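Me: I want to check the labels in this model against their cut-offs. Show me the structure, then take my questions one at a time.

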Amino acid sequence: MYPAPIEDYIRPRTLAEAVSALARYAPGEAVFLAGGQSLMQAMKSRMVRPRCIVDLQTLTELKGIRISDGLAIGAMTRYVEIAESQAIGPAYAALQDAAQHVGDRQVRNRGTLGGSVCWNYLASCMPAVTLGLGGTMQLLAANGKTRAVSADDFLIAPLETARAEDELLTSITFPAAPANTGSAYKKWGLVTDALPVVGVCMQVTLNAAGACSAARIALSGLSAGAQRAPAGEALLVGSKVDESAMKRALEAIVGSVDAQSDKWADTAYRHQLIRTLGLDVANSAFARARGV
Ligand SMILES: Cc1cc2nc3c(=O)[nH]c(=O)nc-3n(C[C@H](O)[C@H](O)[C@H](O)COP(=O)(O)OP(=O)(O)OC[C@H]3O[C@@H](n4cnc5c(N)ncnc54)[C@H](O)[C@@H]3O)c2cc1C
């Protein structure tokens with residue numbers, strides 16, 4: 001399949017040019033192009049039929065990983081840069097776990113963090129990881145106004161976000177993590193490094209006594225899309241972090257989520273993935289929190 005005819009292709013030199021180029025068109029008629037790993041397929045199948053493409057790839061302001069008060073990752077930062085970064089510590093290591101296994105080398109060289117969360121496909125890794133790590137979306141509108149939206153509020157449903165039509169995602173920020181915080185992400189797909197049938201992300205913090213003082217857990221691959229798992233979080237917090245506490249938390253998640261049966265896996269198989277991947281992820285996140 002080939003895309004429907006496209007009238008205009010714009011390579012803005014500034015963020016202001018990018019947002020005003022999009023605003024010249026009616027909603028939905030112009031689209032931002034990031035890595036093209038989802039958008040090009042959607043255009044070829046004509047699910048998306050833009051009149052204009054605004055290509056973000058030369059906007060250096062949208063690229064890079066910065067550590068200041070927390071972590072800030074530009075929307076156009078590619079998976080490969082996240083996977084290879086030396087700057088991302090244990091609290092946010094789940095980003096690297098995910099980026100190292102997104103698709104194949106070509107996808108990792110082109111695809112971006114911002115493109116993944118704006119597309120918000122139900123089985124994508126980065127929406128769930130951003131949610132699990134408490135990320136905040138930094139948005140710029142055509143009128144120059146900026147706003148910050150937490151991942152909890154941004155990721156509404158599969159292929160749906162709180163981004164307004166004229167808004168550009170500029171970066172995703174993550175708060176400075178308390179000491180003894182670790183995170184991890186793991187997925188299982190039908191072939192290696194494919195989109196997940198189920199993926200699990202956890203971020204945990206340990207207190208001075210070695211008990212869990214904070215936990216965020218998010219899942220990918222379920223029909224409702226990227227989602228928190230509050231039933232599991234509540235059981236982990238306050239626990240002594242042994243295997244039985246982890247298993248109780250994972251069982252609570254299995255009992256609280258809606259895991260679909262489809263051609264990739266049935267409900268029981270998805271439940272088992274939450275248990276097995278979840279245990280690996282919990283062990284890895286707590287080990288990182290301990291600095292192991
Ligand atoms: C073979 C293959 C395997 C894959 N495997 C995986 C996998 O294992 N795990 C996984 O998570 N994903 C996987 N993907 C999807 C991949 O992660 C995509 O890169 C991602 O979904 C989209 O990012 P992108 O940068 O390519 O964005 P694009 O495709 O360019 O854009 C996606 C959407 O986001 C919008 N957008 C992009 N950037 C911005 C911005 N800054 N502000 C506002 N809107 C913006 C675009 O307009 C478009 O609507 C795979 C893709 C392929 C082709």
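Me: What makes Met-246, Ala-249, Leu-250, Ile-253 and Val-254 of H10 buried?
Reply: A residue is buried if 20 or more other C-beta atoms lie within 10 Å of its own, exposed if 12 or fewer, and partly exposed in between, with C-beta atoms placed from the backbone. These five H10 residues are classed as buried. The model is predicted: local features need pLDDT of at least 70, side-chain atom pairs need 80 or more, and totals for chains, interfaces and linings use all residues. Numbering runs from 1 along each chain as its sequence is written.

Me: Why is H10 called a helix, and what is its span?
Reply: Helices are DSSP runs of H or I, at least four residues, and strands are runs of E, at least two, numbered from the N terminus. H10 (243-256) has 14 residues. The expected span is 1.5 Å times one less than the number of residues. H10 reaches 20 Å from first C-alpha to last, close to the 20 Å expected.

Me: What covers the buried residues of H10?
Reply: The cover includes strand S13 (212-220), helix H9 (230-236) and H11. Contact means C-beta atoms, placed from the backbone, within 7 Å.

Me: Which residues does Val-129 touch?
Reply: Val-129 touches Ala-94, Leu-95, Ala-98, Tyr-185 and Cys-201, not counting residues up to four places away in sequence.

Note on methods. Contact = placed C-beta atoms within 7 Å.
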